[in-house]
Amino acid sequence: MELWFSESQTKDQKISVRVLETLYSARSDYQEVAVYKTAQYGTLLALDDIIQTTEKDEFVYHEMITHVALNTHANPERVLVIGGGDGGAIREVLKHKSVKKATLAEIDRMVVEVSKRFLPAISCALDDERADVQICDGIKYIQEHKNEFDVIIVDSTDPIGPAVGLFSGQFYKMVYDALKDDGIFVAQTESPFYNTALIKNIHNDLKNLFPIVRLYLATVPTYPGGLWTFTLGSKKYDPLQVEHFDEMETKYYSPEIHRSAFVLPNFVKQLVDER
Ligand code: AG3
């Protein structure tokens, strides 16, 4: 009998992948945590039946949520990742030699444990001596830290359930205060096809705080619509004016991709041009 995992990406659209084996399935204090071995994408992590990451396409998302901001900053030493319990963003952050400490603030311990067990290629850097793993509420954590970080990355789930608070104007103000004077914020901001109101709101909220706000794109095949947005807010450095790129091994990101990711199709440009 064939076994399939399906995510309802919208109420009228699903993505389905054939499952070879269910590796893990349990309820944590926050959500349903599941790991599947799939034919198409290798090991897949789902939270509340929503695809978070897969072995085969994770590199796109994790490289793009990190290197754009880290190369934009002149000397990123202190980095905070909120969410991202699989460790993929931390792995990419630690490719930058300037980084002295990368803190992960993940609310759900089970996500970290399950990723360490079933997704070692993604979670491998969580044991690095520069990685500081905190199991805590990212909102509380950020309220207790002011003027401390060079880069803050929000690698959250969709804006439902435990992540709702990570998409609010109030939260962005806390992020702003937790950043140093030349700090940079970046968040995953969902699909330009299906989350247009959300993307506009985030853009406007960030424009009220940061002098430089930019949206950029990458293609993640397992996410709704495939085309994915990230929104960056910066106090000083402009991601379009980067001259120095750190040398490192990447599969998607490059200086050319860094620049081209900000070139937006008209329908996406419209989302961020209107206020
Ligand atoms: N964070 C989840 C991105 C949103 C995916 N949405 C969806 N599939 N409906 C990814 C965590 C990876 N570190």
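How far is a nitrogen atom of the ligand from an N or O atom in the side chain of Y61? The distance is 3.3 Å, a polar contact (a pair of N or O atoms within 3.5 Å).

Hi everyone, a word on the model first. It is a predicted one, where local features need pLDDT of at least 70, side-chain atom pairs count only at pLDDT 80 or more, and totals for chains, interfaces and linings use all residues. Residues are numbered from 1 along each chain as its sequence is written, and side-chain values use heavy atoms, leaving out hydrogens and water.

Now, the shell. There are 15 residues around the ligand, the closest being E7, H62, D86, D155 and D158; a residue counts if one of its heavy atoms lies within 4 Å. Strand 5 (50-54) and helix 1 (58-72) each give two or more residues, and strand 5 supplies the largest share, three (strands are DSSP E runs of at least two residues, helices H or I runs of at least four).

By class, we have six nonpolar, four polar and five charged residues. Thanks, everyone!

Technical notes. A polar contact is a pair of N or O atoms within 3.5 Å; within protein, one must be able to donate a hydrogen and the other to accept it, and residues adjacent in sequence count only if both atoms are side-chain atoms. Ala, Val, Leu, Ile, Met, Phe, Trp, Tyr, Cys and Pro count as nonpolar, Asp, Glu, Lys and Arg as charged, and the others, Gly among them, as polar.
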